[in-house]
Amino acid sequence: MENKQEISSDFLSKVTAESRTVTELLCEVSKLKKGDIFVVGCSSSEILGENIGTHTSLDAAAAAYEGIQEVLEKYGLHLAAQCCEHLNRALIVERETMEAYGLEQVNVIPQPNHAGGAFGTIAYQRMKDPVAVESLNQMASAGIDIGGTLIGMHIHPVVVPVRVNPSRIGNAIVICARRRPKYVGGKRAIYDENLM
């Protein structure tokens, strides 16, 4: 059910600022390149301090989206907004992202109260030419999990956790992750420190 309680503008501004800071920190640590995919899973309920899926809020989702998207535009990254488990964690991306990465479109429009979640809905409303895809085929280079939404399946192996401060957006625990190339060659190998 969508949250009908009044959320203060101060709280929403804080969510936007925290989202911006977390995204900026993760982008810096992850050494991302222009055109990389950045996946975000977001529980608006958890942002409000409620259990995931119980107090959907378009306002909270929009506040997080605003801070995240501002940074991704600056770095030239593609946002993949993960929908909820009822859509099997399908993702909303721009059509150009789908085409650039050879992803397959599926037919669904996320809804906040039924299937998709608030963050997926906001992404679908705000992107220029949004499409839903079933999978990123593990092609994301980094991502943010806001509130325990489980994004790791979308990131290139090997997925490496990244600690950030703040460690919460609103009341939601934040877990960040980035990819790193697999190590090969065993104990005799020498590795490029810039790829670690």
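Partly exposed describes a residue whose relative accessible area lies between the buried range, under 20%, and the exposed range, over 50%. This meaning applies to Lys14, which at 40% relative accessibility counts as partly exposed, and the views below belong to a predicted model.

**View 1**
Glu18 has a relative accessible area of 13%, so Glu18 is buried, whereas Lys14, at 40%, is partly exposed. Side chains of opposite charge can pair when their charged atoms come close.

**View 2. A salt bridge joins Glu70 to Arg20.**
The side chains of these two residues meet at 3.1 Å, taken from N to O, and the pair links distant parts of the chain, with Glu70 in helix H3 and Arg20 in helix H1, 50 residues apart. Glu70 counts as partly exposed because its relative accessibility is 41%, and Arg20 is likewise partly exposed, with a relative accessible area of 28%.

**View 3. Asp36 forms a salt bridge with Lys33.**
In this pair the closest N and O atoms are 4.0 Å apart. Is Asp36 buried or exposed? Its relative accessibility is 10%, and therefore Asp36 counts as buried, while Lys33, with a relative accessible area of 55%, is exposed. The structure as a whole holds 5 salt bridges, among them the bridge between Asp36 and Lys33.

**View 4. Tyr65 and Phe119 form a tilted aromatic pair.**
A search of the whole structure finds 2 aromatic pairs, and one of them is made by Tyr65 and Phe119, whose rings lie 5.8 Å apart from centre to centre with 55° between the planes. This pair links distant parts of the chain, for Tyr65 belongs to helix H3 (residues 58-75) and Phe119 to helix H5 (residues 117-126), 54 residues apart. Both Tyr65 and Phe119 are buried.

**View 5. The largest pocket holds about 420 Å³ of space.**
The lining of the largest pocket consists of 25 residues, and the closest to its centre are Ile52, Gly53, Cys84, Glu85 and Gly117. Which helices each supply at least two residues of this lining? They are helix H2 (44-47) and helix H5, and the largest share, 4 residues, comes from H5. By kind, the residues of the lining divide into 9 nonpolar, 14 polar and 2 charged.

Note on methods. Residues are numbered from 1 along each chain as its sequence is written. This is a predicted model: local features need pLDDT of at least 70, side-chain atom pairs count only at pLDDT 80 or more; totals for chains, interfaces and linings use all residues. Side-chain values use heavy atoms; hydrogens and water are left out. Rings of Phe, Tyr and Trp (its six-membered ring) pair if their centres lie within 6.5 Å; planes under 30 degrees apart count as stacked, over 60 as edge-to-face and the rest as tilted. Buried means under 20% relative accessible area, exposed over 50%, partly exposed in between (1.4 Å probe, protein chains only). On a 1 Å grid over the protein atoms alone, a cavity is a set of points where a 1.4 Å probe fits but cannot get out, and a pocket is an open set with protein on both sides within 12 Å along at least five of seven lines; lining residues have an atom within 4 Å of a point. Grid points are joined across faces, edges and corners, and a volume is the space filled by probe spheres set on the points. Ala, Val, Leu, Ile, Met, Phe, Trp, Tyr, Cys and Pro count as nonpolar, Asp, Glu, Lys and Arg as charged, and the others, Gly among them, as polar.
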